[in-house]
Amino acid sequence: MPHEILPTPAGDEFAAAFIRSGLPVVQPATARTAGEGPYDCIVFQNGLLIDGTGAPMWGPVTIVVQKGMITSLTKSHHAPPPREGARVIECHGQVLTPGFIDCHAHIGAPFHAANGTMPHADYVYALWLAHGVTTIREAGCFNGLTWTKDQQAAAAAGRIAAPRIHPYAAFPATNDYVNILHTPDAARDWVARARDNGAEGVKFFGAPPHVMQAALAECRRLGLRSCCHHSQLAVGRMNARDTAQWGLTSTEHFYGIPEALLERNTVQDFPVDYNYSDEYRRFSTAGTTFDQAARPGSPKWEAALDAFIAAGHTFVPTFNVYDTNRDLMRMRGADWHAVYTDPNLWRYFQPQRGGHGAYWHRWSTRDEVAWRNAFRDWMTFVNAFKARGGRVCVGSDSGFMFQLYGFGYVRELELLLEAGFTPLETIRAATAQGAELLGIDADVGTLEVGKRGDILVHDHNPMEDFKLLYGTGALRLADHTEDAGFVRGLKLVIKDGIIYDTDALLADIARQVRARRAQA
Ligand SMILES: [Zn+2]
């Protein structure tokens with residue numbers, strides 16, 4: 001009998017391509033090695049509440065969580081005594097917030113395998129949990145949709161210590177990676193098969209316009225959501241304004257925004273010897289796209305904002321992953337690398353020919369200045385969109401360009417403040433609005449009766465200083481002495497009735513990193 005080659009399941013094409021090129025996928029988590037519980041009933045007593053809706057802090061409140069769901073939330077002096085057998089957490093002087101949602105996350109990436117054995121998925125999950133991330137949108141499932149669905153089910157059942165996972169399958173119509181869909185019929189058929197395989201949405205990088213339009217229409221018909229990294233190879237035929245009007249749910253990063261604002265040209269005026277496959281040229285030139293765009297407040301700029309609002313579009317900027325372009329030394333020297341960055345990731349981040357986002361051997365002061373200027377325009381746009389009522393969500397895209405899981409998420413909160421968001425708007429973007437983007441806002445995103453008890457217990461109000469959320473903490477002087485030290489605000493992370501102590505998570509991550517370095 002001839003050897004039969006099984007077709008790759010829809011959503012597994014990128015993983016299959018990585019494997020074919022010798023890059024294995026990440027080792028999945030197989031057992032829960034952290035957290036206590038699940039508890040049938042947890043009572044959070046006397047905490048101050050930031051509920052995620054945009055309401056200011058109030059309290060003290062008492063919250064009862066039964067079988068993972070919030071069954072009561074009242075001012076503490078109205079709360080009945082906790083029922084017998086309940087796990088009571090006294091939160092006097094502490095602050096309660098919803099768990100955070102990372103709307104642009106990758107559970108590792110096979111790219112990293114080029115630099116040796118990758119860390120286990122447990123390492124990535126622990127970093128997220130230690131920074132309060134209880135839900136992620138897997139933007140592309142590069143380990144495969146099948147792999148990601150397995151991890152999603154294990155996380156939902158509490159068999160592994162991981163955030164809730166919402167898989168978005170990568171649309172295999174990219175010129176530079178996998179390109180197997182060439183007609184509207186093929187696009188519709190693939191979207192339906194990806195849905196059958198459990199995708200909740202589709203991650204696009206662009207496609208021929210008629211193929212993209214067919215896929216987006218099919219997503220909408222089947223109730224799938226969508227996000228797009230508008231690749232420079234595709235954006236000449238579809239900027240973010242076009243795809244928003246075709247029904248795309250969210251634009252990731254910034255690509256496609258300045259292209260929607262071009263007024264002197266119809267496509268970016270690239271250097272004539274630009275080669276997109278040269279990562280240095282790709283990223284240094286990307287820092288100049290906003291220079292060619294309409295200025296803030298100009299008629300073209302205002303019209304674009306109006307169009308995005310009218311389309312009900314969402315932006316997930318992932319500012320943090322481009323932050324390194326503004327100041328390489330800052331991110332390369334970040335406090336956390338010494339203790340928490342896995343040796344494989346550290347090697348991957350270093351300058352190397354052929355690596356994705358590893359072009360630092362050519363990075364210059366001029367490149368950093370260009371990116372600082374680009375950030376000003378980009379942040380002005382994102383903040384203006386927010387001010388008009390548009391939804392902006394928090395995504396980290398960590399695992400590239402010196403950005404580490406969890407830490408990159410907190411950096412994103414800092415960068416939203418820099419863009420002009422208030423602390424409360426930033427918390428809402430990280431919670432309620434992330435849930436709305438994923439279509440799970442009936443279930444998570446705010447702390448209200450009937451929703452899941454994804455709850456963070458903070459020793460300090462995170463709105464005072466988002467640096468308190470870093471696993472390394474914020475630098476402070478001790479009371480009454482001249483001793484400086486790092487103070488961490490996030491104490492406990494609760495999901496599905498399981499209590500994760502962030503001290504224990506961070507100690508375990510540090511231990512894993514030490515062990516991996518010893519092996520290396
Ligand atoms: Zn990404």
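## Close-up views of a predicted model

View 1. P60 lies in strand β2 (residues 58-66), where helices (H or I, at least four residues) and strands (E, at least two) are DSSP runs numbered from the N terminus. The peptide bond that joins G59 and P60 is cis, with omega about 15 degrees. Another cis bond runs from G37 to P38, with omega near 5 degrees, and P38 is placed in the loop between α1 and β1 (41-49). The model is a predicted one, in which local features need pLDDT of at least 70 and side-chain atom pairs count only at pLDDT 80 or more, while totals for chains, interfaces and linings use all residues. Residues are numbered from 1 along each chain as its sequence is written, and side-chain values use heavy atoms, with hydrogens and water left out.

View 2. Strand β15 (residues 474-477) and strand β16 (residues 484-487) run antiparallel and are joined by four bridges; strands pair if DSSP finds at least two bridges between them. R476 stands opposite G485 in β16. Six residues lie between the two strands of this hairpin, and H480 in the turn has a positive phi of about 70 degrees. Most residues other than glycine have a negative phi. A positive phi, near 60 degrees, is also computed for H253, which is found in the loop between β11 (250-252) and α7.

**View 3. Packing of α2 against α17.** Helix α2 (residues 121-130) and helix α17 (residues 502-519) pack at an angle of about 150 degrees with their axes 9 Å apart, the axes being lines fitted to C-alpha atoms over the stretch in contact and the angles running from 0 to 180 degrees between N-to-C directions. The crossing of α2 past α17 is left-handed, a term that applies if the near helix is turned anticlockwise from the far one by less than a right angle. Y123, A126, L127, L129 and A130 in α2 meet T502, L505, L506, I509, Q512 and V513 in α17, where contact means heavy atoms within 4.5 Å. The residues of this contact comprise nine nonpolar, two polar and no charged; Ala, Val, Leu, Ile, Met, Phe, Trp, Tyr, Cys and Pro count as nonpolar, Asp, Glu, Lys and Arg as charged, and the others, Gly among them, as polar.

**View 4. The largest cavity.** Three cavities of 30 Å³ or more are found in a search of the whole structure; on a 1 Å grid over the protein atoms alone, a cavity is a set of points where a 1.4 Å probe fits but cannot get out, and lining residues have an atom within 4 Å of a point. The largest cavity has a volume of about 70 Å³, a volume being the space filled by probe spheres set on the points, which are joined across faces, edges and corners. Its lining consists of T33, A34, D122, A126, A161, L505, D508 and Q512, and α17 gives the most to this lining, with three residues. By class, the lining of the largest cavity divides into four nonpolar, two polar and two charged residues.

**View 5. The largest pocket.** The volume of the largest pocket is about 510 Å³, a pocket being an open set with protein on both sides within 12 Å along at least five of seven lines. Among the 36 residues that line the largest pocket, Y177, F205, H229, Y276 and R282 are the closest to its centre.
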